[in-house]
Amino acid sequence: MSLFDLQTPALVLDLARVKRNAGRAASLARRSGVELRPHVKTHKCAEIARLQTEGFSGALTVSTLAEARWFAERGFTDITYAVPIEPGKFGQAVELARRCERLALITDDPDIPAQLDEAARRAGITLPLFLKVDCGYHRCGVEPHAPEALEIPRRISDSRNLSFAGVLTHAGHSYHCTSQEEVLALARHERDLMVGFAGTLRGEGMEVPVVSIGSTPTVCAVDHLEGVNEIRPGNYIFFDAFQATLGSCRFDDCALTVLASVVHRDRVRRKVVIDAGAIALSKDRGAVELEPSCGYGRVLDVEGNELNLRVDAVSQEHGQIRVEDEATFELLRVGSRVRVLANHSCLTAAQHPYYNVLEGERVVDRWEIQGGW
Ligand SMILES: Cc1ncc(COP(=O)(O)O)c(C=O)c1O
């Protein structure tokens, strides 16, 4: 099958690039002596998880319990659910933990250890629980100098049915950097803060089995990982227009595009409209701090070559593209096809039911994407 045989919009996965991206992160983890626990929220796909954990233990990070269940059913049973746990999810987590070799949870709340300990005691299991640390993103996590940063690990360690899994952070603020020098400084800060904080906890007599860090920009930039036990990058497996603009990768490392058809053209307004809008691409604004006019994605031809166009506006199922150049406008007739390199591949992938796997010019397979919560 070729790209002209697919119904549009459709996700297209360049297998050679996925393998190359997987290989680079695997080499970094091996040469740094750390566990690779990729965040599978990026792809939610068992075949891709198998590719990226080849030669590793198969440990994964997930962002929903539905993902955890789905991957556990497909043989991945060492999972960290990396969103803070709340009591409404204790039942599901306990049920899942029974079916996993290891399901680790995270918290930054002083009340959670006692409540979770009670739920684990009633279920007759022991749950590993991480302290979520804020290394500057300010989304979730406790700051290392806050009193809870010592109090929560103590409460976890003192619980009968919890084990203290270690410290975990995510440097999501790296997405707002404006140069690779800034990303490198931030990556060093993420690592040094976490290694230093683990040292403080150890100095207090606590065992800290794991120091877990990771975001794609910081993992791509970091100079060494001494003192760190595991990395959890997610986006690196596809990359996207955002990461390439930030400098985490090259544009030809980006593995995921959305195949779309031209459904309308307007010579007077110098625009064409494609059948990929906000649902097919996502409304992520991209690296606007670096490229204010990045729109909702870069427009490529079917072979993947740049057309130097952006998806300038989206509504639910329409994407509008301004086309000044006459030769390009001539190419983009109704029914012709383009591929869009979207701003944020994780959000794009999550809206589709499957990947069309491209090897060379052939679509060789279709891989299912887990959906829902
Ligand atoms: C807790 C956590 N860990 C790891 C990641 C992976 O980050 P990235 O997709 O930048 O690699 C994320 C992404 O949101 C996350 O929230």
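Predicted model: local features only at pLDDT ≥ 70, side-chain atom pairs only at ≥ 80, totals over all residues.
Me: Why are α3 and α4 called roughly parallel?
Reply: The axes of α3 (residues 65-73) and α4 (residues 90-99) cross at roughly 20°. Angles under 35 degrees count as roughly parallel, and therefore the two helices get that label. Their axes come within 11 Å, and the crossing is left-handed.

Me: Which residues make the contact of α3 with α4?
Reply: From α3 come Leu65, Ala68, Arg69 and Ala72, and they meet Gln92, Ala93, Leu96 and Arg99 of α4. Sorted by class, that contact has five nonpolar, one polar and two charged residues.

Me: What makes Phe90, Ala93 and Ala97 count as buried in α4?
Reply: A residue is buried if 20 or more other C-beta atoms lie within 10 Å of its own, and Phe90, Ala93 and Ala97 are buried by that test. They span an arc of only 65° around the axis, so they sit on the same side of α4. On the other side of α4, Gly91, Arg98 and Arg99 are exposed.

Me: What do the buried residues of α4 pack against?
Reply: Their partners are α3, β5 (102-107), α5 (112-123) and β6 (127-133).

Me: How do you know that the buried residues of α6 line one face of the helix?
Reply: In α6 (residues 148-158), Ala149, Ile152, Pro153, Arg155 and Ile156 are buried. Looking down the axis of α6, these residues fall within an arc of 160°, so they line one face. As a general point, an α-helix has 3.6 residues a turn, so residues three or four places apart point the same way.

Me: What covers the buried residues of α6?
Reply: The cover includes β5, α5, β6, β7 (162-169) and α7 (180-203).

Definitions and conventions
Residues numbered from 1 in each chain as written. Axes fitted to C-alpha atoms, helices over the stretch in contact; angles between N-to-C directions. Helix = DSSP H or I, 4+ residues; strand = E, 2+ residues; numbered from the N terminus. Parallel < 35°, antiparallel > 145°, perpendicular 65-115°, else oblique. Left-handed = near helix turned anticlockwise from the far one by under 90°. Contact = placed C-beta atoms within 7 Å. Nonpolar A, V, L, I, M, F, W, Y, C, P; charged D, E, K, R; others polar. Buried ≥ 20, exposed ≤ 12 C-beta atoms within 10 Å, placed from the backbone. Arc of directions from axis to C-beta.
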